[in-house]
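Visitor: Hi, I'm new to this one and would like a short walk through it. Could you start with the terms I'll need?

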Amino acid sequence: MIGISILGKIHKKKAICQDSFCCYSSFKNKVSALMVSDGAGSYSYSNYGSSILCAEIINEISLSEINLIKKNEWWIETIYKIRSLLEQKIIANQKLHIKEFSATLLGCVIFNEEKLVLTVHIGDGHIVGFEGDKGKILSLPENGEYAGETVFFTRENFEKHLRINIFPIANLSSFFLFTDGIDPISIKNQQISNVFLPPLNKYLLNDQISDEIKYKAVNSKLIEAAQLGYCYDDMTLVWHKSNFMEFDTYDTQFKKRYDYIPEENTYISTQDNKLKKLPKNIPEENVYMTAHWTIYLSLLCAIGALCLLINGAFL
């Protein structure tokens, strides 16, 4: 797996990439899951929405039975659960509305033993599969009436815009999921452009090249596209090689998954990563040095008092 997010030019002032992604491979590689989300640029907390959406879906997949994941009801229930989680967070700040967390969803779940692929999609972005050198779009974007308009998981009745498809892996050798920020160099007239994805896929399939070098190459290509003005929005791309014939242990998959993906762009937990609170009888500030000098002072006072007593005894 290779995953990367690049801050777009239009978000340079905020210095916050609103895209997120999260990847997962289960024990014995029975299930591989790729989730990508594009936070809506017009909403201030959409980066949290996209990260929470990806992380929580992956978390639910890791805890669920394989057969349940294939059902539409499971996805609807999971997304409503995530919305409820956000709404609970919003209660603490009445000024926020759930729309502030608006984000799209692109997902690909690969059932390696059964050789099946499930795609899930809300909003824009593309999911693409490759058969050798030939790519085909597995899921198209849903755009609104106006340019740049799309659908988000925070929308009322989002399930009407939830697109889920299951089909055989067949000869698909690899998968791409990417946000609309990469569309200018990857898609032309709703077809895959030959300029970017096909040569990139061929390069990434080369097992003679290390994952580290692959990651750096993709990173430099996307940065170059932004610098040359081809792409201006945040860009996120996730690539995965179809390995349904390979049954690695979880440890091996975990290493492959995270070795060459920057920490800030991998898994973003929804849990509060705060230090545990100290017991009430222990002040938050460091009191150990104060106690240290207090002990010494007490000892000095005791020694002084002892000296006075001894002197008094001889008078």
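Guide: Two strands pair if DSSP finds at least two bridges between them, and helices (H or I, at least four residues) and strands (E, at least two) are DSSP runs, numbered from the N terminus. This is a predicted model, in which local features need pLDDT of at least 70, side-chain atom pairs count only at pLDDT 80 or more, and totals for chains, interfaces and linings use all residues. Residues are numbered from 1 along each chain as its sequence is written, and side-chain values use heavy atoms, with hydrogens and water left out.

Visitor: OK, which residue of S9 is the bridge partner of His-126?

Guide: That is Phe-178, and strand S6 (residues 126-131) pairs with S9 in the antiparallel sense over 5 bridges.

Visitor: And what does S9 do with S12?

Guide: S9 and strand S12 (residues 235-241) also pair in the antiparallel sense, over 5 bridges, with Val-238 in S12 as the bridge partner of Leu-177.

Visitor: Why is S9 called largely enclosed?

Guide: Strand S9 (residues 174-178) is largely enclosed by the rest of the structure because 5 of its 5 residues are buried, where buried means under 20% relative accessible area, exposed over 50% and partly exposed in between (1.4 Å probe, protein chains only).

Visitor: Which way do they point from S9?

Guide: Ser-174, Phe-176 and Phe-178 point one way, while Phe-175 and Leu-177 point the other way.

Visitor: New topic: where is Asn-189?

Guide: Asn-189 sits in the loop between strand S10 (187-188) and strand S11 (191-192), and with 69% relative accessibility it counts as exposed. Although Asn-189 is not a glycine, its phi is positive, at about 55 degrees.
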